[in-house]
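Dear colleague,

Please find the structure below, followed by a summary of what was found in it.

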Amino acid sequence: MADTSEATIERYPFSDPDRLNLDPRYALLRRDEPLIRVRLPYGEPAWLATRHADVRTVLGDARFSRAAAVGRDEPRNSPRQIQGGILTMDPPDHTRLRRLVARAFTARRVEELRPRTRQVADELVDGLLAAGPPADLVAHLATPLPIRVICDLLGVPVADQDKFHTWSEAIVSTTALSVEQAQRYIDNLFAYMGGLIAQRRQEPTDDLIGAMVRARDADDRLSEEEVVQLAAGLLAAGHETTVTQIPNFVYVLLNHPDEWARLRADRSLVPHAVEELMRFVPLGVTAAFARYAKEDVEIGGVLVHAGEPVLVSIPSANRDETVFPDADRLDLGREINPHLGFGHGVHHCVGAQLARMELQVVLDVLLDRAPGLRLAVPEAELPWKSGLLVRGLTAMPVAW
Amino acid sequence: MNAEEKTTGSGWRLHVDPTRCIGSGICAGTAPGHFTLVEGLSRPLAERVTPAQEVIDAADSCPMEAIVVSDVESRRQIAPGA
């Protein structure tokens, strides 16, 4: 085992995000030095794991804790430190809260939402096609579709989307918003959700917020604040990530015309394509939500001591050549694809099945309605987001 | 209903459908004493278990509903719930 006392500490992330390109450093680390010491812009230094097997262990093994982050100067990308909420809980507390909503997001329940999602997607594509060419895929399809789906599911008025979409950005902001602004947005989001919850006490509803309110009132182990935070988190996370991934997926496909043609020729590949794109797109710019070792654990040949935080690079794990042959190649027909794009372990994305369905619907609707889709501007002119936890486009002018 | 109220006394049976399992690792994290990942897919550590809330939680948390908990004697499904 390596001697950790002399380990040098590197700044992380290694570089500023360059579109959807992954820093070549990760491939070298996976090969030579799978666990290194890093320092994020704020908080204490941490370990960083880059191999698939190690990342899965850190995220999935009960010897690692998120609850132990409470009270620590957590490694993070913005000065603001959010404490509390489901992402700073371990089982059984985490389970108690997650159970409230997990049943609404099973593959079976999500499948029931597919026809309605396709109908909304068709209406939105009508608008896209009427507006151009060229027209902005982000504004016409990628943003409104996930918002309408999560609003229907939770029972949030779509008419309020301008408000909560703005506030939700605080959840994924690193430097895009000032600390004060980010805090104000989060306070607004919580207050807004608190209002919807209070309404349901007066007038019960069948939507997910209504179900959460009933469960909370029947189980006094759940605090009002926990329910508000969970509902607000579902609303924000429930659309920010999918809104970002839709243009990322389309961007990658348009940059791989052979694979796009393959998908057009064989529509049965759509579910595989979504998995492969989840693997291939390095959505995260940096690492967050360090896991704290509860006891000494050996990871990647290094002894991590009890109490030390470990970060993981999911984009790196998803390019691990020992798991994904020819890992840097996009292969929409990849058969074995245990990517970690939705995370792993108890904090595995609760909305993963919903996101999958939405992403499949988007590919299907574009293949049906705009099979000749192409960028309407040179690639170099595409505007990329900055100061956020995720990579993505602010606009994507397309023609067809 | 809590774990004690659901049993007939002869214990529970755990089954993971490998064709449904996506290896999310949620069950192994929720109930590490009952589930483990083998080559990326979940497997119960023991098929017959003493009733425990933790296994209901694991079955109810599985997004694929790949885990079924049933009563050994009556064969009644205990989790996941509807």
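**Interface and selected elements**

In chain A, 19 residues are in contact (C-beta atoms, placed from the backbone, within 7 Å) with 15 residues of chain B. The elements giving two or more residues to this side of chain A are helix H3 (93-102), helix H4 (107-111) and H15 of chain A; helices (H or I, at least four residues) and strands (E, at least two) are DSSP runs, numbered from the N terminus. H3(A) gives the most, with 4 residues. By class, the side of chain A that touches chain B has 8 nonpolar, 7 polar and 4 charged residues. Here Ala, Val, Leu, Ile, Met, Phe, Trp, Tyr, Cys and Pro count as nonpolar, Asp, Glu, Lys and Arg as charged, and the others, Gly among them, as polar.

This is a predicted model: local features need pLDDT of at least 70, side-chain atom pairs count only at pLDDT 80 or more, and totals for chains, interfaces and linings use all residues. Residues are numbered from 1 along each chain as its sequence is written, while chains are lettered from A and ligands numbered from 1 in the order in which they are written.

Yours sincerely

Methods. Contact = placed C-beta atoms within 7 Å.
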